[in-house]
Each structure stands twice: as structure tokens, then as C-alpha cells.
Amino acid sequence: MIKSEPYWWQAAPLAASDPMPVRGTADVVIVGAGYTGLSAALTLARAGRSVQVFDRQRPGEGASSRNGGITSGNLRPSLAELTRRFGAVRAAALVAESKAAREDLYRFIAEEGIDCDFKLVGRFAGASRAADYDRLAREADHLRGAFGIEAHPVARGEQGSYIGTVFYHGGNVRMDIGGLHPAKLHAAMLRLARDAGALVHGETAVLGIRGEAGGYEVLTARGPVRASHVIVGTNGYTDRFDRWLRSRLVPVRSRIIATVPLSANLMGELMPSRMMYSETRKLHYYYRPSPDGTRILFGGRDGTIAGDAEWPTASLRRALGDIFPQLDGVAIEHSWYGNVAMNRDMVPRIFARDGERYAAGYCGSGVVWARWAGRKAALQVLSDQAGGSALDFRPPRWVPLISGKAWFMPAVFGWLLFQDRWATQR
């Protein structure tokens, strides 16, 4: 029987919600107790503000304990596309900020002494088509020349040092990306926020937010709270409490499977460098060794919008076998999914509306962006100049007919799969 709970919950099970009394006032109310909300709460509480955080699930039950634990901090659009959309200045600032956000996460983990199995092992990106190799080689040269990031192209004949497959046509390696245990990171952030004085209320839904003189009234399932400021950090789990935000984010399921433990010899053959891994297919996959080096965790887009069908697990297992034929038919122990939040620009955002601050739209790279954006939003509440960010500009554009459910994702999934198969045949 394949377990539907995240593999991560074995070593870091979610804590049961402790029903603390909801206080009637706070300097700041934060909606969402994932990386975003806890980062903001920690920053504000350490600055002496009274903070209450609300989550309709257990803290961390969303994407913060379900993701792949890869510290990519990706920006999905290329530098050329960012420049076309936003201008050269903001495009360069966005790319520079992704580097700063990664480095800030590593500094945070070290300074706080967080045990989350973090290792800066680098990432290999595989060229799924021969034509993709040149682009990955240029990308590595740009990262090295413009940002001083240790990165280099890997020709097909050399990729065996990094990954035991002939599936890819070479690729590139960058050494500023690592892996961690996402649920352990979240548990540490929850402890730090509470130790700083923030009240974190799990299983307490926010039902609505009303502006009033001097602040807001936040309506929760356990009573109202008056606050001077509100930060919303619900990302891919935004519900009807904020219909405006819900119409600007597309929640997309991302699924991960975890194999049964594999032999040390087989792991050494398949993943000799023990890196994080990605690729260039449109319906791309991301994968990595487990922190203890005994399993492979393999993820990709799910393609469903309701229920928990068996076919996405089978699809991931086949894709894993395509890359590593030695694993064809391997037993899977865990298969789970979580929501990532896409937006029309595919760029993470910090923005304000009617005085409320938002941090959202991480497009599948929330391990780095969520903590960074939550801290930036908190610094803006504190009127601290360090809250400035290239992510802070106009809100994401409205997505027609979305209403919180990505009803079109099965068709998108099918179209991307068709394009990848057609490209392979060509």
C-alpha cells in the first residue's frame, strides 16, 4: 500500500494544533502559517510587535511540508523574457534578488542553528533535447560571468560524473543550490516564531477581513481580531476569505513519489554526485536523493484537480523509469501532492492592496522565495528600508474564470505531454 502522507512527515510529523485563546487585538494579523507567514511573524515579533497567525489547517500542512526541499529560487521566465516584460533594470534586479534570497536562507539556517539536513550540493539540469544543451551552456556562462555563481556546462560524455543515465544530452551544473528537509525547516521556524512571542493558531480559518478606522477587523472561526496591519501569505491554499487574491493565483498540484530504500551501490550508480536534479522538458520533473541518501524522491505536475487518482503516481513511476531504466517497476512507498501557486507573469510577488500586504505566487520555488517574501513584507510593515524588493510591484493580473480551481489543468497537462512526446520523436 502506497502511503499518501508526505515522506517528510516520518522524521518531522506535524504537531497537533494547540487551541490557545484568540486575543481580540494585535499589531499584526498574518493569514497562513507556512514559510511566508512564519517568516513574517518571526521578524515582527522580534521587533516587539504583537502578532497572531491563523491557518485553517495545521501549521505547515500545506506546501511548506510537502515540497521537494530543493533551494532553487527559480525565476521561470528567462532573462530575455523578463527584460521584454518589465524592462532591463527590473529584470536584472529580479535575477540578482534570487541570488540574494538563496544566500539569505543559507545564512538564516546557519545563524539560527536549524537542523534541517541542509547540504549545499549543487544542481544538475539535464538537456532533454539536444537543442537544449546550448541554452543550458549559455545559462551557466551567464551565471558565472554576471553573478559570480559557480556554474559550468556538462557535455553528454561527461554527465556520468553527475547522474547515471544517458537520457539527457548533457546539461549544466550550478553549485549555489542545495537540498534540505522542508518539514524540519518549517518545524524550526514555527518554534522560533512562538519563542519570539507570536501566537500561531492552527485549524482556525480566517473568514473575512474588513477595513475600519485605523486598521482592520479580521473575522476568524474563533472570534474577531482588530489589527493595525494584515499580511496574507496563503499562496496556493488561498480560499474564499479573499476572493480577489484567489482570482489572481492558479493553484496547481505538484506530486512527489518516494521509492523504497535502494542499495548504496545502486544509489551511487544513479546519483554519484548526490545533487539535486532538474531538466528542460515542458512537463519537467525535479528529483533528488533523500537526505539520508537511501531513496529517490521524484516530482512533477500532477494534472488532476480533485480526488487522489492513481494514474499520476503511475505516470511519475514511468517517467522515473525512463530516466533510470534500472528503476523500471521499482516499488513506491510514498506518493503525495501539494499546491503551488502560479500567476500570469510567473514571477513571485510582494504587493499591497487597500493597505493589506501580500506575498504570493512563488511558481513552485517557495523554499527560497516564501521565507524571503514573508520577511520583506514584515519589514515593510515596520517601515524598514530593508523591506525594498524587486518583487514589490503591481499585483498579479486577474486570471479569467479561475475562481480558485484550475479546471483547465488536465488539458494543459495533456498539451504539454504531447509537445514533449512530439519533440522526442523529432
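## Basis

Local features in this predicted model need pLDDT of at least 70, side-chain atom pairs count only at pLDDT 80 or more, and totals for chains, interfaces and linings use all residues. Residues are numbered from 1 along each chain as its sequence is written, and side-chain values use heavy atoms, with hydrogens and water left out.

## Aromatic pairs

A pair of aromatic rings is described by the distance of the centres and the angle of the planes. Here, rings of Phe, Tyr and Trp (its six-membered ring) pair if their centres lie within 6.5 Å; planes under 30 degrees apart count as stacked, over 60 as edge-to-face and the rest as tilted. The whole structure holds 14 aromatic pairs. One of them is Phe-167 with Tyr-168, which is edge-to-face, with 5.1 Å between centres and 90 degrees between planes. Phe-167 is partly exposed at 26% relative accessibility, while Tyr-168 is buried at 0% (buried means under 20% relative accessible area, exposed over 50%, partly exposed in between, with a 1.4 Å probe and protein chains only).

Tyr-287 and Phe-298 form a tilted pair, because their planes stand at 35 degrees, with the ring centres 5.2 Å apart. This pair links distant parts of the chain: Tyr-287 belongs to strand 12 (residues 285-289) and Phe-298 to strand 13 (residues 296-301), 11 residues apart. Both are buried, Tyr-287 at 1% relative accessibility and Phe-298 at 0%.

## Charges over rings

A charge sits over a ring if NZ of Lys or CZ of Arg is within 6 Å of the ring centre and within 35 degrees of the ring normal. Arg-253 places its charged end over the ring of Tyr-337, 3.9 Å from the centre. The charged end of Arg-371 sits over the ring of Phe-108, 4.5 Å from its centre.

## Helix 4

Helices (H or I, at least four residues) and strands (E, at least two) are DSSP runs, numbered from the N terminus. Helix 4 covers residues 130-147, and its 18 residues should span 26 Å at 1.5 Å a residue; the end C-alpha atoms are 26 Å apart, which agrees. The expected span is 1.5 Å times one less than the number of residues. Its buried residues are Asp-132, Leu-136, Ala-137, Ala-140 and Leu-143.

Arg-144 lies in helix 4 and is partly exposed, with a relative accessible area of 39%. Not counting residues up to four places away in sequence, Arg-144 touches Ile-149, Ala-151 and His-152, where contact means heavy atoms within 4.5 Å. After helix 4 comes Gly-148, with a positive phi near 70 degrees.

## Strand 13

Strand 13 is mostly covered, with 6 of its 6 residues buried. It runs antiparallel to strand 10 (residues 250-259), joined by 5 bridges, and Ala-258 stands opposite Leu-297. Two strands pair if DSSP finds at least two bridges between them.

Strand 12 and strand 13 are also antiparallel and joined by 5 bridges; Pro-289 has Ile-296 as its bridge partner. Their hairpin has 6 residues between the strands, and Gly-293 takes a positive phi near 75 degrees there.
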